[in-house]
Amino acid sequence: MGDKLDILLNILSVSCYEGLAYGLLTIGFFLTFRVLDFPDLTMEGSFPMGGATAAALIVYAEWNPFLATLGAVIIGVLAGLITGFINTKLKVTALLSGILMMVGLYSVNLRIMSGSNIPLLRHDTVFDLAGQVLGLGKMGLAIAVAGAFALLAFLLLTWFLHTEIGLALRASGDNEQMVRGVGADTDKNILIGCAIANGMIALTGSLVAQYQGFTDVSMGIGIIVTALASAIIGTALFRPNRVITMLLACFGGSFIYRMIITVALRLGMSPGDLRLITSVMVLIALTIPLIQKLTRGEWVPPAPRL
Amino acid sequence: MSNVNSQPVLKLDGVRKTFSPGTVDEVVAIDGVNQEVKAGDFVTIIGSNGAGKSTLLNLIAGMFPPEKGGKIHINGQDVTNLKEYKHAAYTGRVWQDPSVGTAKILTIEENLSLAFSRGKRRKLIHAINRNRRSLFKEALKPLGLGLEDRLTCPVGTLSGGQRQALSLVMATISQPALLLLDEHIAALDPTTAKTVMKLTSEIVNREKITTLMVTHDMDIALEVGNRLIMMHKGKVILDLNRKAKSALTISDLISAFEKASGDKFADDKVLLKAD
């Protein structure tokens with residue numbers, strides 16, 4: 001009985017930490033894909049770049065891990081700005097802008113790390129530093145640190161998205177014509193949105209790298225699908241229609257998605273199979289509306305291409 | 001003061017616009033328009049299909065620039081090559097499609113706040129505060145639709161007519177130099193269209209905003225405003241002041257059109273209505 005409770009607690013606490021950390025990434029995904037209606041694939045590069053930057057700054061430059069984490073966020077913001085620039089100023093489609101960035105960033109990440117990975121095990125991370133003050137166990141510490149970053153991001157974004165600039169940004173994804181019609185620069189909104197989103201994604205990358213004690217150039221592969229899965233779960237459960245519920249849906253969706261993954265691993269699933277499982281999960285979620293339409297005998301429009 | 005009044009709010013000089021130039025699809029949408037619109041004018045614009053009415057409004061709103069040589073001045077400022085969002089400092093717009101003028105995911109007060117910042121620098125301050133809220137309520141009350149009690153409702157829950165009425169308030173709340181109405185009642189059912197048209201006249205008269213209104217409804221074009229412009233193939237072919245148009249009927253207008261253009265009047269919506 002005690003064993004089972006331990007396992008349950010462990011699953012819950014792991015999911016809690018991961019839900020908070022990856023919730024930041026899901027918010028980044030939500031901001032571009034849903035709020036801005038800008039399908040930004042940069043995250044496949046900016047997520048490992050967050051980890052690479054934080055690790056390189058901690059190991060090679062011997063920065064304080066908190067400063068290194070801040071550095072990772074700034075690098076992520078820059079990546080987002082470049083994606084936004086390619087789209088708004090060079091007029092390349094959002095999808096292709098993100099693909100170009102994601103491919104290009106792979107090489108940049110190898111350069112940042114001077115190799116394909118950096119182990120962090122002998123170096124203090126934000127978790128170690130927080131542990132010196134808080135003195136919690138490993139899992140409690142992970143939740144506390146991720147929770148602190150999540151809370152900070154939650155408060156900042158809730159405030160920002162209700163300001164005049166934030167409002168114009170939220171309207172951009174819904175009705176660009178109207179936003180320009182009331183005198184707001186939609187290009188600027190895309191730039192700001194991509195910058196914030198990729199900053200959040202790089203933050204997740206740096207936290208994950210520091211928690212797991214290493215960073216790897218391939219840790220971004222497929223991250224977009226996990227973000228999508230979390231966003232779908234969050235949207236289904238919270239039906240977000242305002243800023244606060246939207247942010248909570250991102251954390252809640254990540255928590256549940258991560259719990260499913262943790263349970264799957266516990267049940268003996270190979271970590272290598274997880275991406276297929278995630279893809280199939282997303283595919284099922286995406287085709288539910290189609291199946292509902294077909295069973296009701298409704299007309300189904302041709303598939304969208306973009 | 002008289003100096004300010006004598007300056008036209010809108011001045012178009014040699015404005016031309018060709019779509020797909022140099023291809024088989026080349027269309028001359030605006031073919032050399034020179035016009036001045038005085039402060040306080042309410043101009044109705046009519047014309048057959050493809051006359052260039054909407055293109056003219058789009059040019060004035062800065063959706064695209066006119067061809068080289070053409071100039072657009074608003075309140076004496078050269079706005080010819082300003083980006084669309086910078087034009088918006090001078091112009092408020094209402095589109096034909098009620099969904100274009102408002103953001104459905106935002107609340108009524110958030111939409112109004114977006115419009116309230118027209119022509120001002122958007123800042124990192126809360127978009128809604130108590131002062132603004134009471135200002136928005138005051139602006140919505142005259143509509144008589146009860147929207148002032150639903151400030152925090154998402155706009156997506158409003159009907160087309162309500163959204164169009166809200167668009168009107170949004171287009172005028174920051175007192176732009178020019179109000180551009182692009183067939184803004186054409187997509188509404190007849191009763192709602194009548195209500196929104198009445199609200200339009202009330203707002204324009206109360207705020208004394210210089211207005212350009214494209215319409216298919218000849219009754220309204222004759223009844224509303226103090227000036228009527230008829231367009232054909234990208235040119236202004238008829239320009240009537242209040243006195244001249246008050247004496248006209250729809251059939252007068254159609255024969256005036258056929259005389260001025262040497263063409264048959266072709267507008268499916270108008271002919272259906274005029275029977």
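The radius of gyration is taken over C-alpha atoms, and the globule rule is 2.2 Å times the number of residues to the power 0.38. All views show a predicted model, in which local features need pLDDT of at least 70 and side-chain atom pairs count only at pLDDT 80 or more, while totals for chains, interfaces and linings use all residues. Residues are numbered from 1 along each chain as its sequence is written, chains are lettered from A and ligands numbered from 1 in the order in which they are written, and side-chain values use heavy atoms, with hydrogens and water left out.

**View 1. Overall dimensions of chain B.** Because a compact globule of 275 residues would have a radius of gyration near 19 Å, the 19 Å of chain B agrees with that rule. The C-alpha trace of chain B spans about 60 × 45 × 40 Å along its principal axes. Chain B has 11 helices and 10 strands, these being DSSP runs numbered from the N terminus (helices H or I, at least four residues; strands E, at least two).

**View 2. The four-stranded sheet of chain B.** This open sheet has the strand order β2-β1-β4-β5 (chain B) with antiparallel pairing, where two strands pair if DSSP finds at least two bridges between them. Its edge strands, each pairing on one side only, are β2 (27-37) and β5 (77-78) of chain B. Strand β1 (residues 10-19) of chain B is joined to β2(B) by eight bridges, and the two run antiparallel; Val15(B) stands opposite Val33(B) in β2(B). Helix α2 (residues 53-61) of chain B packs on the sheet and touches β1, β2 and β4 (71-74) of chain B, contact meaning heavy atoms within 4.5 Å. The direction of α2 of chain B makes about 115 degrees with that of β1(B); axes are lines fitted to C-alpha atoms, for helices over the stretch in contact, and angles run from 0 to 180 degrees between N-to-C directions.

**View 3. The six-stranded sheet of chain B.** Here the open sheet has the order β6-β7-β8-β3-β9-β10 (chain B), with mixed pairing. The edge strands are β6 (91-94) and β10 (235-241) of chain B, each of which pairs on one side only, and the twist averages 20 degrees from one strand to the next. Strand β3 (residues 42-47) of chain B runs parallel to strand β8 (residues 210-214) of chain B, joined by four bridges, and Val43(B) stands opposite Leu212(B) in β8(B).
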